[in-house]
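Here is a quick walk through one protein model, written for someone who likes to know the cut-offs behind each term. Have the viewer open as you read.

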Amino acid sequence: MISIIIPAKELNSFLFKTITYYKSITEYEYEIIVIYDSMSNDCNNKQASLFNNDDSIQLLLSPLKGRINALNYGYSKSKGDIIKCIDADDILLNEFFEKLDIMEDYSAHCHNAKLVNDNYEITGSYSFDYKILFNDYNYVLSNLKSPPRWVWSFRREIADLIFPIPPELFAEDIWYSLIIKKNCDKIYHLNSSVYLYKQHDGGEWGGITNFSHEVMARRAKWNLTLIPVLLENREKLGI
């Protein structure tokens, strides 16, 4: 079974539509766990009408604020053999689910993506960095190589090493990358764009295609804040 974990600031019509889409495209056994901060009365009524009698859907109010706390809570409620954490306004395409039988033979998996705008029109692409696959762990660690968290899926034995993610981290991407590279004997690269990533130029990291001086300086400062947290976990990370 695959557990799809989705942290969300709020439940909205798009998220309900996306959940319905996942239910319609896969015959593989699955569960969908959405951890949200808030829900309107309209969404509460929609939840009751659509998902209340569906054991494969969990809509959970996050006990603690923040994306990392939501991911940790979602994982604690999951039961799947394969874990996949995605964003609430992105879309995981059918081709990903078609490869799940192959993925069962690998410790972890990664894939490419298409970038989309607010109207979900394709504006670009993202290819997974092959150097992460073909170089050793020290290369990934010394360069703080951190592809987006949503490129990854992994078996439960690897998930048990990833979670709980240290909540002091500003972003969980580097934690995923280091734990996976350090502990996985085989990583399967699904060399196809099976994910639609909604580009957010103004938010947090500034989006995948934004390399302005302001954004790069902000990322550099945030990366510096990661280092003390990584050092606090030096034994687990082999630093």
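## Ground rules

Contact here means heavy atoms within 4.5 Å. This is a predicted model, where local features need pLDDT of at least 70 and side-chain atom pairs count only at pLDDT 80 or more, while totals for chains, interfaces and linings use all residues. Residues are numbered from 1 along each chain as its sequence is written, and side-chain values use heavy atoms, with hydrogens and water left out.

## The nonpolar core

Start with Y176: leaving aside neighbours within four places in sequence, Y176 is in contact with L71, C85, R149, W152, F154, I162, F163 and I165. Y176 also belongs to the largest nonpolar core, which has 74 residues, and F154, I162, F163 and Y176 touch the most other members. A nonpolar core is a set of buried Ala, Val, Leu, Ile, Met, Phe, Trp, Tyr and Cys residues joined through side-chain atoms within 4.5 Å. Buried means under 20% relative accessible area, exposed over 50%, and partly exposed in between (1.4 Å probe, protein chains only).

Helix α3 (residues 67-76) has I68, A70, L71, N72, G74 and Y75 as its buried residues. Their cover includes β1, β2 (30-38), β4, α8 and α9. Helices (H or I, at least four residues) and strands (E, at least two) are DSSP runs, numbered from the N terminus.

## A buried serine

S3 sits in strand β1 (residues 2-10) and counts as buried because its relative accessibility is 0%. A polar atom of the S3 side chain lies 2.8 Å from the backbone nitrogen of G80. Not counting residues up to four places away in sequence, S3 touches E31, S78, K79, G80, I82, I83 and K84.

## Salt bridges

Side chains of opposite charge can pair when their charged atoms come close. The structure holds eight salt bridges, each being a side-chain nitrogen of Lys or Arg within 4 Å of a carboxyl oxygen of Asp or Glu. Which residues form a network of them? R67, D87, R149 and E172 are linked in this way.

Another bridge joins K198 and D118, with 3.9 Å between the closest N and O atoms. K198 lies in strand β9 (residues 187-198) and D118 in the loop between β6 (108-116) and β7 (122-126), so parts 80 residues apart in sequence are tied together. K198 counts as buried at 14% relative accessibility, whereas D118 is exposed at 56%.

Most residues other than glycine have a negative phi, and most peptide bonds are trans. Y120, though not a glycine, has a positive phi of about 60°, and L144, not a glycine either, has one of about 45°. Y120 is in the loop between β6 and β7, and L144 is in the loop between α7 and β8. The peptide bond from F163 to P164 is cis, with omega near 0°; P164 is found in the loop between α8 and α9.

Technical notes. Polar contact = N/O pair within 3.5 Å; in protein donor to acceptor, adjacent residues only side chain to side chain.
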